[in-house]
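Let's take a walk through a protein model together. Please have a look at the sequence and the fold, and then read on.

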Amino acid sequence: MPTIREIYRSKFGQPPNAVSQAPGRVNIIGEHTDYNGGFVLPTPTPLHTRCAVGRRDDDVLRAWSTARSTDSIVDVDTLAPEAIGGWTDYVVGILQALRGRGVDIRGIDLAVDSDLPLGGGLSSSAALAIAVGRAILALTKAKIDPVELAKLVHTSENEFVGAHVGIMDPLVCSIGLQRQLVLIDCRTIEVRYVNMPDSAALVVIDSGVRHANASNGYNSRRAECERACAALGVAEIRDLGRQAPPELAALDAAVQRRVRHVISENERVFGVVAALERDDLPAAGRILCESHASLRDDYEVSIPELDTLVELATATPGVYGARLVGGGFGGCVMLLTDRERSEQAARQVCRAYRERTGELLEVYLPKLGKRAGVG
Ligand code: GLA
């Protein structure tokens, strides 16, 4: 496999000025809580997005991605006032944000390569934006601390790209440490690292399903949460604490379910942290399964393929629990497994899935990396 330097050189005919990488993330628990001022427990993936950058003395971005295109270079004017609706928006967004912070950069030549599945719920977009941000900081020798960089990416995703996402993804892509879970208070951005028990391993299985309307679904869930807050007179669902107030019963049934998910999911984050800290993997696994049920029934962001995978996984020896990961409407499921049995368990789940649906799956295993076409 060519390195990112080689990829850059073959596209742009000279070596890059800087290279960098950033991981994606698997969220163990705390789904759809970040934009509600709540808690999340993600960890960076061993899979990375790599980029190589060369300085230009005009305002042009020439961007090349091994995943998205095979024979073209996209030209984008970095001074364009609006997003154009493609992956390069994430690049332009962070470039402009860094310029706004006084970083001395005009256009760039950029090559990108990634092990992450695109749009699969493992945060390939934040990994891209953080990797580009890191490369530009290396190139210009500007200093911006990793939490600040995550905040810049978050703002540019919301304001420039138009993806109204929470802070979790850029934050963990920027500050995460391998094999450490990060407990994040998304309101205060206070973080605490939590050890993953040695006997545990996370396995990610990609359903292969990508829904074109996933961002509509995401945005409408967000809007429902905002409606609930306005009606209940709080700034964020976090402010409701552990118990929904009686006034919630007057709101429409779907909004009630959304609030119930967020309140219970925040509780589950602390349940999983406590279980992992006492090495109680079966208890952690049970809570993950409860989270999936809540995402399926109350938040309504699952799809039949993910439900099937979770059902098959939880019936497999060596799997403590499973749930969909990320925003939902497609993408991946995450399995908490016994480390020794993780590979065998993943194969067994894929085989059972193929028997039921005829589909082969892609699996991401710790250390071993990606295994395509398992079943
Ligand atoms: C997406 C968003 C995150 C978060 C999750 C759901 O991944 O980017 O901010 O809201 O969905 O937990």
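**A guided tour**

Leaving aside neighbours within four places in sequence, Val255 is in contact with Glu224, Arg227 and Ala228, where contact means heavy atoms within 4.5 Å. Val255 lies in helix H7 (residues 253–277); helices (H or I, at least four residues) and strands (E, at least two) are DSSP runs, numbered from the N terminus. With a relative accessible area of 4%, Val255 is buried. Buried means under 20% relative accessible area, exposed over 50%, and partly exposed in between (1.4 Å probe, protein chains only). Val255 and Glu300 are 45 residues apart in sequence, and 11 Å separate them in space, C-alpha to C-alpha.

Before going further, a word on how to read these values. This is a predicted model, in which local features need pLDDT of at least 70 and side-chain atom pairs count only at pLDDT 80 or more, while totals for chains, interfaces and linings use all residues. Residues are numbered from 1 along each chain as its sequence is written, and side-chain values use heavy atoms, with hydrogens and water left out.

Now to the nonpolar cores. A nonpolar core is a set of buried Ala, Val, Leu, Ile, Met, Phe, Trp, Tyr and Cys residues joined through side-chain atoms within 4.5 Å. The largest one here has 68 residues, and those with the most contacts inside it are Leu41, Leu98, Ile108, Leu110, Val132 and Val272. Helix H3 (residues 124–140) gives the largest share of this core, eleven residues. Apart from this core lies another, of 41 residues, among them Leu232, Ile263, Leu312 and Leu365. In soluble globular proteins, nonpolar side chains tend to be buried together. Which residues does Val132 touch, not counting residues up to four places away in sequence? They are Cys51, Val91, Ile94, Ile108 and Leu110.

Between H3 and H4 there is a loop, and Lys141 lies in it. Lys141 has a positive phi of about 60 degrees although it is not a glycine. Most residues other than glycine have a negative phi. Is Lys141 buried or exposed? At 68% relative accessibility, Lys141 counts as exposed. His32 also has a positive phi, of about 65 degrees, and is not a glycine. His32 sits in the loop between strand E1 (18–27) and strand E2 (39–40), and at 4% relative accessibility it counts as buried.

Helix H4 (residues 146–161) is our next stop. Its N-terminal end is capped by Asp145, with a side-chain oxygen 2.9 Å from the backbone nitrogen of Val147. The buried residues of H4 include Leu149, Leu152, Glu157 and Phe160, and what covers the buried residues of H4 includes helix H2 (88–100), H3, helix H5 (168–175) and helix H6 (214–232). Just after H4, Gly162 takes a positive phi of about 90 degrees. As for H5, it is mostly covered: eight of its eight residues are buried, including Met168, Pro170 and Ile175.

Asp298 lies in the loop between helix H8 (281–297) and helix H9 (304–314), and is buried, with a relative accessible area of 11%. The side chains of Asp298 and Arg260 are joined by a polar contact of 2.8 Å. A polar contact is a pair of N or O atoms within 3.5 Å; within protein, one must be able to donate a hydrogen and the other to accept it, and residues adjacent in sequence count only if both atoms are side-chain atoms.

Finally, let's look at the spaces. On a 1 Å grid over the protein atoms alone, a cavity is a set of points where a 1.4 Å probe fits but cannot get out, and a pocket is an open set with protein on both sides within 12 Å along at least five of seven lines; lining residues have an atom within 4 Å of a point. Grid points are joined across faces, edges and corners, and a volume is the space filled by probe spheres set on the points. The largest pocket holds about 1,100 Å³ of space. Of the 47 residues that line the largest pocket, the closest to its centre are Tyr90, Gly119, Ser125, Val165 and Ser215. The structure also holds one cavity of 30 Å³ or more, and the largest cavity has a volume of about 50 Å³. H10 gives the most to the lining of the largest cavity, with three residues.
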